[in-house]
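Hi everyone, thanks for making time.

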Number of protein chains: 2
Amino acid sequence: MDSMDNKKDNEMKINKENKMKIKMEYVDGGVTAAAGFLAGTAMASIKKPGRRDIAVLYSTVPATAAGVFTMNKVKAAPVLLSMEHLAKGTARAVVVNSGNANACNGLQGLQDARAMAGAAAEYLGIPEQEVLVASTGVIGRKMPMAKILPGIRAACAELSPTGGDLAAQAIMTTDTFPKEAAVRLELGGKTVTIGGMAKGSGMIHPNLATMLCFLTTDAVITAGALKLALQYAVEESFNMITVDGDTSTNDMVSIMAGGLAQNVRIEESGPDYELFREALTEICVKLARDVARDGEGATKLLEVVVLNASSERDARLAARTVSGSSLVKAAVFGCDANWGRVICAAGYSGAEFDPERVDIFLGDEKVAENGCSLDFNEERALEILKRDRVVITLDFKAGPFKATSWGCDLSYDYVKINADYRT
Amino acid sequence: MDSMDNKKDNEMKINKENKMKIKMEYVDGGVTAAAGFLAGTAMASIKKPGRRDIAVLYSTVPATAAGVFTMNKVKAAPVLLSMEHLAKGTARAVVVNSGNANACNGLQGLQDARAMAGAAAEYLGIPEQEVLVASTGVIGRKMPMAKILPGIRAACAELSPTGGDLAAQAIMTTDTFPKEAAVRLELGGKTVTIGGMAKGSGMIHPNLATMLCFLTTDAVITAGALKLALQYAVEESFNMITVDGDTSTNDMVSIMAGGLAQNVRIEESGPDYELFREALTEICVKLARDVARDGEGATKLLEVVVLNASSERDARLAARTVSGSSLVKAAVFGCDANWGRVICAAGYSGAEFDPERVDIFLGDEKVAENGCSLDFNEERALEILKRDRVVITLDFKAGPFKATSWGCDLSYDYVKINADYRT
């Protein structure tokens with residue numbers, strides 16, 4: 001069963017439909033790995049002093065751009081502004097701050113987000129409409145603009161082609177490690193690079209979360225194709241992770257494509273589009289897994305695979321619900337091979353399946369067959385549960401569809417981190 | 001705002017539509033408070049020795065009956081059996097065991113559930129089809145029938161009109177206190193009693209949970225009216241509580257009506273029906289609140305009220321989602337007045353509302369107005385959050401609909417209890 005393989009992160013991904021192998025390799029760096037992108041950061045003491053809390057990302061050339069935003073009805077001001085600015089499919093810069101979400105701040109919040117875009121635009125000499133804004137942190141606090149505006153200018157002054165690593169640090173909140181990745185692939189004889197950075201780590205759930213991800217590429221691609229590819233990639237990655245079921249007001253994934261790779265322009269279909277889309281999906285899955293692994297208080301990555309479902313929807317629903325179940329997550333934290341909670345969560349997920357046909361595996365140990373308990377090896381199950389990556393597989397034995405969802409265990413530290421976040 | 005009143009549990013409930021006052025009072029006892037009902041218990045060492053883990057409930061006269069069952073696609077054997085036995089709208093007895101859920105046990109599970117009904121039927125001299133069965137405990141373990149069948153006979157031998165209290169204890173799993181209640185009301189000059197017992201306390205979520213509730217009444221009522229009233233009451237009570245978002249395989253609420261009160265028979269509409277339904281709802285809300293308050297690891301009851309929504313659906317969705325948010329629950333545990341998480345959860349609930357019109361209250365302290373922060377009194381908010389019942393109110397200012405949902409905080413102990421439940 002391929003889901004059981006201990007996949008290395010740099011393993012090549014197989015195109016699901018065509019089984020087309022993509023020639024692709026992971027390379028160092030993140031958001032400044034692609035040609036033409038610079039990043040700069042600053043310490044603006046937004047929540048507390050002494051840490052980088054502003055990042056500016058800049059494309060030295062005009063770029064097509066696309067974004068995917070939170071489905072939450074309550075959208076933070078920077079989300080509303082970035083949606084507006086992305087309407088025409090181009091962007092040159094992104095301004096990000098951590099420490100304050102600029103959500104639920106009314107008209108003032110929108111004015112502040114606009115001022116942030118304006119400060120970067122003025123420094124960089126580009127139209128304000130070409131600047132996206134993202135914020136993460138506490139909700140319902142006024143933005144300390146007297147610190148933020150000078151911070152944006154300071155970050156712009158530091159823009160550099162090696163600024164990606166510090167930028168990945170500046171956007172962190174309760175994340176315990178920075179998340180960045182870059183891949184390189186060949187498209188018609190040209191080398192294309194895609195890079196990105198992301199942050200979690202509470203409120204992570206399907207349809208995004210306080211999850212920010214910024215991607216860049218030097219590919220030549222139409223705005224339409226870029227948007228399609230991004231939507232596909234997010235569906236397979238960030239929308240398949242869950243930490244605690246909360247979808248935030250501020251989530252956003254954006255991508256800018258500057259075109260310095262000089263490949264033949266990627267349109268909305270064809271082999272080049274598919275290659276690009278798969279590479280983008282690969283990097284998004286990598287970043288999403290890192291976000292899940294770094295969920296608040298998490299001690300391990302939980303990967304839930306649903307095999308042989310009768311529809312894509314059923315596979316996705318069941319995988320996401322199992323990986324999001326508090327009872328499953330607590331059992332994984334406690335290394336308790338309680339597969340009953342797994343089938344129970346699948347049962348209330350809304351997915352169609354026959355409970356009397358389901359097989360369940362912990363790693364490669366089959367613990368239930370046709371919905372009934374097996375006399376499985378408890379010691380081996382314990383060994384598997386002690387790993388820092390626990391794979392639970394449900395085989396519905398009903399059709400050809402498969403889905404994977406990522407989450408994390410539920411630990412004492414999750415409660416600790418979230419019981420008093422504001423102070 | 002009436003939701004802010006510190007309602008006493010025995011306060012009279014106001015009929016929502018007619019504002020009709022019901023003459024009703026709480027009385028001592030639970031499931032044997034109504035005339036004609038007996039309960040007996042036994043210690044069968046199902047999970048561990050030394051505790052009552054079997055309860056039998058018996059109507060000395062033929063009774064109409066109704067039930068509501070888990071929406072989980074994976075239904076435990078006793079649920080399947082009880083659904084079958086309730087099809088004709090009558091029942092005389094209920095057999096309940098704790099310590100094993102008899103879920104995911106395949107054909108054997110169904111045979112075991114049938115044998116449990118059979119053992120009680122034989123002892124009591126009633127048809128097997130008149131016996132309902134309920135189980136709660138670990139999933140996927142074979143039932144220790146060699147202990148259970150003698151246990152059922154022992155419980156039958158102990159049947160008594162004062163057996164309700166011990167029965168409420170016998171059905172507990174991780175519950176920290178037994179949950180029972182009884183009310184008395186006048187119907188056309190006759191005194192009718194309704195009593196019940198319930199157990200939680202993990203996996204509590206809308207559409208039931210490992211939540212069992214058994215109700216009895218001496219009212220004369222048709223099977224159809226009984227079912228309608230029960231569905232209504234469950235919708236307002238057990239389907240509005242949440243502990244951890246997991247809906248179990250075993251949930252069940254049942255009611256038997258023996259008719260010894262000799263009131264004029266209650267049909268599916270009319271004033272008597274409404275009075276009975278409101279009294280039943282009252283007792284179900286009382287038991288549901290107790291279940292929420294006793295959620296695994298809970299230190300306090302969380303009550304979320306949504307006022308002035310534009311539809312019932314919106315009010316219910318928002319109330320349930322806020323009370324089920326891990327981030328809200330952790331903030332309540334930590335006494336952190338983080339109202340941003342409240343509006344955020346409402347925002348992803350799927351409820352329609354205008355984020356820029358919402359007011360939010362902690363107790364009677366308004367913390368947000370029109371979706372924006374207020375300079376509220378943090379000390380007073382802290383005081384409110386320290387209570388053992390915390391009320392959060394969202395005023396959508398959009399329409400006439402209201403809903404209340406109950407949950408609990410998320411504590412270290414929730415993780416502890418669930419990290420290693422099986423052992």
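This is a predicted model: local features need pLDDT of at least 70, side-chain atom pairs count only at pLDDT 80 or more; totals for chains, interfaces and linings use all residues.

Okay, chain A. Its secondary structure comes to 11 helices and 16 strands. Of its 423 residues, 64% are buried. And if you take the contacts in chain A with a separation of 6 or more, 80% of them join residues 24 or more positions apart.

Now the core. Which residues have the most contacts inside the largest nonpolar core? They are Val56(A) and Val56(B), and that core has 296 residues. Let's zoom in on Val56(A). Setting aside residues up to four places away in sequence, Val56(A) touches Ala39(A), Gly40(A), Ala93(A), Val95(A), Ala120(A), Ile152(A), Ala155(A), Cys156(A) and Leu159(A).

On to helix packing, and over to chain B. Helix 2, residues 106-124, packs on helix 3, residues 145-157, at an angle of about 30 degrees, and their axes are 9 Å apart. Angles under 35 degrees count as roughly parallel, so helix 2 of chain B and helix 3 of chain B are roughly parallel to each other. Their crossing is right-handed. Who makes the contact? From helix 2 of chain B, the residues include Ala115(B), Met116(B) and Tyr123(B), and from helix 3 of chain B they include Ile148(B), Leu149(B) and Ile152(B). Counting the residues of this contact by type gives 11 nonpolar, no polar and 2 charged.

Here's another pair, this time in chain A. Helix 8, residues 326-333, and helix 9, residues 339-348, pack at about 160 degrees, with axes 9 Å apart. Helix 8 of chain A and helix 9 of chain A are therefore roughly antiparallel to each other. This crossing is left-handed. On the helix 8 side we have Leu327(A), Val328(A) and Ala331(A), and on the helix 9 side Arg341(A), Val342(A) and Ala345(A). That contact splits into 5 nonpolar residues, no polar ones and 1 charged.

Let's look at helix 9 in chain B too. How many of its residues are buried? The count is 10 of 10, so this helix is mostly covered. Trp339(B), Arg341(B) and Tyr348(B) are among the buried ones. What does the covering? The list includes strand 6 (131-138) of chain A, along with helix 7 (312-324) and strand 15 (389-395) of chain B, among others. Just after helix 9 of chain B, Gly350(B) takes a positive phi of about 95 degrees.

Last stop, two single residues. Asp218(A) sits in the loop between strand 9 (212-217) and helix 5 (223-236) of chain A. Is it buried or exposed? Asp218(A) counts as buried, because it has 27 C-beta neighbours inside 10 Å. Leaving out neighbours within four places in sequence, Asp218(A) has contacts including Ala34(A), Val192(A), Gly258(A) and Leu260(A).

Then there's Phe69(B), in strand 4 (residues 64-69) of chain B. Phe69(B) is buried, with 20 other C-beta atoms within 10 Å; the cut-off for buried is 20 or more. Not counting residues up to four places away in sequence, Phe69(B) touches Val79(B), Met83(B), Asp251(B) and Met252(B). Phe69(B) and Ile139(B) are 70 residues apart in sequence, and their C-alpha atoms are 17 Å apart in space.

Note on methods: Residues are numbered from 1 along each chain as its sequence is written. Chains are lettered from A and ligands numbered from 1 in the order in which they are written. A nonpolar core is a set of buried Ala, Val, Leu, Ile, Met, Phe, Trp, Tyr and Cys residues joined through C-beta atoms within 7 Å. A residue is buried if 20 or more other C-beta atoms lie within 10 Å of its own, exposed if 12 or fewer, and partly exposed in between; C-beta atoms are placed from the backbone. Two residues are in contact if their C-beta atoms, placed from the backbone, lie within 7 Å. Axes are lines fitted to C-alpha atoms, for helices over the stretch in contact, and angles run from 0 to 180 degrees between N-to-C directions. Helices (H or I, at least four residues) and strands (E, at least two) are DSSP runs, numbered from the N terminus. Angles under 35 degrees count as roughly parallel, over 145 as roughly antiparallel, 65 to 115 as roughly perpendicular and the rest as oblique. A crossing is left-handed if the near helix is turned anticlockwise from the far one by less than a right angle, and right-handed if clockwise. Ala, Val, Leu, Ile, Met, Phe, Trp, Tyr, Cys and Pro count as nonpolar, Asp, Glu, Lys and Arg as charged, and the others, Gly among them, as polar.
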